[in-house]
Amino acid sequence: MAQLSDDCFAFDGPLLPLDDALAQLAERVRPVVGEAAVSLTDAVGRVLARDIAAAQNVPPYRNSAVDGYAVYFDDLSTDQPTDLPVIGRVAAGHPLDGPAPRGKAVRIFTGAPVPDGENGGPDTVMMQEDCVERAGIVTLQPGIKCGANLRDAGEDVAAGDILLKAGHRLTPADIGLLATQGLLTVQCFARLRVALLSTGDEIVEPGQPLPPGRLYDSNRLMLRALLSSMGGEVMDLGIQQDDRAGITDALERAVAGADAVVTSGGMSMGEEDHIKAAIEAQGRVDFWRLAIKPGRPVGLGQVSAGDGRSVPIVGLPGNPVAAFTTFALVGRPLLQGLAGQAVRAPHRMRAVAGFDYKKKRDRREFVRARISGYDDAGMPIVEKFGRSGAAILTSLVGADGFVELGEDVERLEKGQSVAYLPFSELMG
């Protein structure tokens with residue numbers, strides 16, 4: 001298990017631009033989890049700990065792409081039909097018993113191995129729709145190209161190729177690719193264990209009676225879903241009231257059994273915001289004041305565990321839209337790096353703004369929006385969705401992405417080109 005350096009989250013100075021923050025994270029954060037062999041049947045969603053190279057070609061032998069007849073191209077006439085005797089039949093899994101001679105045709109089916117023979121064997125396959133077979137003689141029409149309908153050995157994967165690199169999170173298609181190599185297990189990083197904690201006297205567990213002046217805890221369940229979609233193991237510590245001693249005890253329990261901690265609420269400077277003080281009592285906190293909206297501030301730090309580890313902690317804002325945004329933009333790539341996953345920048349697509357908007361300079365803003373249609377050039381048109389405000393959760397539910405407005409933008413006018421960041425790029 002790797003150990004983070006003491007200054008991993010040391011970011012001093014004024015408000016930090018998002019790109020600078022993410023670049024520094026990429027440089028400083030390393031995996032904190034071990035690795036183990038994982039059965040291929042259980043490996044989807046897991047992160048590879050080592051590169052995987054192909055041990056054999058895919059396909060391992062030349063084979064037919066269609067049902068038809070395997071022939072030598074040089075045996076075919078270029079301007080009239082050719083008659084050839086059929087000397088054998090090859091189905092998938094049943095190779096021809098012996099080489100195929102020149103001047104003959106072999107009945108062959110999709111996926112079946114093309115027979116060996118002179119100069120490597122037949123080099124062309126004629127589709128059965130273009131052939132007529134009578135009494136053991138097949139008539140083949142002119143016009144086919146040499147090599148038609150034939151798949152070469154190694155056409156998909158050549159032995160020695162790097163199939164997937166360490167840090168890649170496995171998809172269902174990846175599992176299929178690895179299965180072509182006959183693998184039973186792959187070496188993966190252990191799942192990142194993340195302790196999750198909500199704070200606040202005002203929040204109540206869903207399913208319980210709701211007293212006056214209270215609201216249900218939506219952040220923790222939303223964050224739990226986001227963490228689970230990333231493949232993490234969530235240790236849910238529930239709700240901790242605004243009590244310094246109780247929060248300190250909760251953090252001690254969190255770091256004892258987790259690789260990282262995520263909290264929601266209590267990161268501001270008010271009298272009832274105790275997370276910062278509790279972290280400092282057990283480790284260190286660097287207020288990472290990001291120049292983004294919604295989402296300032298995000299707290300990053302490390303808490304000492306009893307076994308000598310320093311456990312990273314991410315303190316998210318209490319407002320739900322701010323918690324979602326900061327987790328997606330900062331918490332997610334941080335946790336991916338801790339889990340050994342290669343972190344890639346989410347893909348932005350170009351779109352056309354369907355609305356006017358004003359913002360402050362020197363701050364990157366993420367406006368909740370959704371695609372409403374397409375213009376005459378086929379570009380998506382995005383409309384601002386819902387009311388502004390870091391507490392308006394319905395604006396997330398009805399939106400399908402963010403319009404991302406850079407630090408130098410002060411005014412957006414309808415019809416301008418914008419960067420659109422789909423929520424799908426911020427999940428998993």
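## Close-up views of a predicted chain

View 1. A105 lies in strand β6, where strands (E, at least two residues) and helices (H or I, at least four residues) are DSSP runs, numbered from the N terminus. This is a predicted model, in which local features need pLDDT of at least 70 and side-chain atom pairs count only at pLDDT 80 or more, while totals for chains, interfaces and linings use all residues. Residues are numbered from 1 along each chain as its sequence is written, and side-chain values use heavy atoms, with hydrogens and water left out. With a relative accessible area of 0%, A105 is buried; buried means under 20% relative accessible area, exposed means over 50%, and partly exposed is in between (1.4 Å probe, protein chains only). Leaving aside residues up to four places away in sequence, A105 touches A70, V71, L84, P85, V86, I87, G88 and V138, a contact being heavy atoms within 4.5 Å. A separation of 74 Å lies between the C-alpha atoms of A105 and G318, which are 213 residues apart along the chain.

**View 2. The chain as a setting for the close-ups.** The chain has 7 helices and 28 strands. Its radius of gyration is 30 Å, well over the 22 Å that the globule rule gives for 428 residues, so the chain is more spread out than a compact globule; this radius is taken over C-alpha atoms, and the globule rule is 2.2 Å times the number of residues to the power 0.38. The C-alpha trace spans about 95 × 55 × 45 Å along the principal axes of the chain. Of the 428 residues, 48% count as buried, and among contacts between residues at least 6 apart in sequence, 70% join residues at least 24 apart.

**View 3. Helices α1 and α6.** Helix α1 (residues 18-28) and helix α6 (residues 320-338) have axes that come within 10 Å and cross at roughly 10 degrees. Such axes are lines fitted to C-alpha atoms, for helices over the stretch in contact, and the angles run from 0 to 180 degrees between N-to-C directions. The two helices, α1 and α6, are therefore roughly parallel to each other, given that angles under 35 degrees count as roughly parallel, over 145 as roughly antiparallel, 65 to 115 as roughly perpendicular and the rest as oblique. On the α1 side, L18, L22 and L25 meet L329, V330, P333 and L334 in α6. The residues of this contact of α1 with α6 divide into 7 nonpolar, no polar and no charged, where Ala, Val, Leu, Ile, Met, Phe, Trp, Tyr, Cys and Pro count as nonpolar, Asp, Glu, Lys and Arg as charged, and the others, Gly among them, as polar.

**View 4. Residue T263 in strand β17.** T263 is found in strand β17 (residues 260-264) and is buried, with a relative accessible area of 0%. Not counting residues up to four places away in sequence, T263 touches L197, L251, I275, I313, V314, G315 and L316.

**View 5. Two cis peptide bonds.** Most residues other than glycine have a negative phi, and most peptide bonds are trans. A cis peptide bond joins V58 and P59, with omega about -5 degrees, and P59 has its place in the loop between β2 (52-53) and β3 (63-64). Another cis peptide bond joins K293 and P294, with omega about -5 degrees, and P294 lies in the loop between β19 (292-293) and β20 (298-304).

**View 6. Two loop residues with positive phi.** Although N119 is not a glycine, its phi is positive, at about 55 degrees. N119 is placed in the loop between β6 (105-108) and β7 (124-127), and at 76% relative accessibility it counts as exposed. A135, also a residue other than glycine, has a positive phi near 50 degrees. Its place is in the loop between β8 (131-134) and β9 (137-140), and A135 counts as exposed at 84% relative accessibility.

View 7. The structure holds 0 disulfides, a disulfide being a pair of cysteine sulfur atoms within 2.5 Å. The sulfur of C146 is 16 Å from the closest cysteine sulfur, in C131, which is too far for a bond. C188 counts as buried, at 0% relative accessibility. By contrast, A345, in the loop between α6 and β22 (349-353), counts as exposed at 60% relative accessibility. The C-alpha atoms of A345 and V262, 83 residues apart along the chain, are separated by 22 Å.
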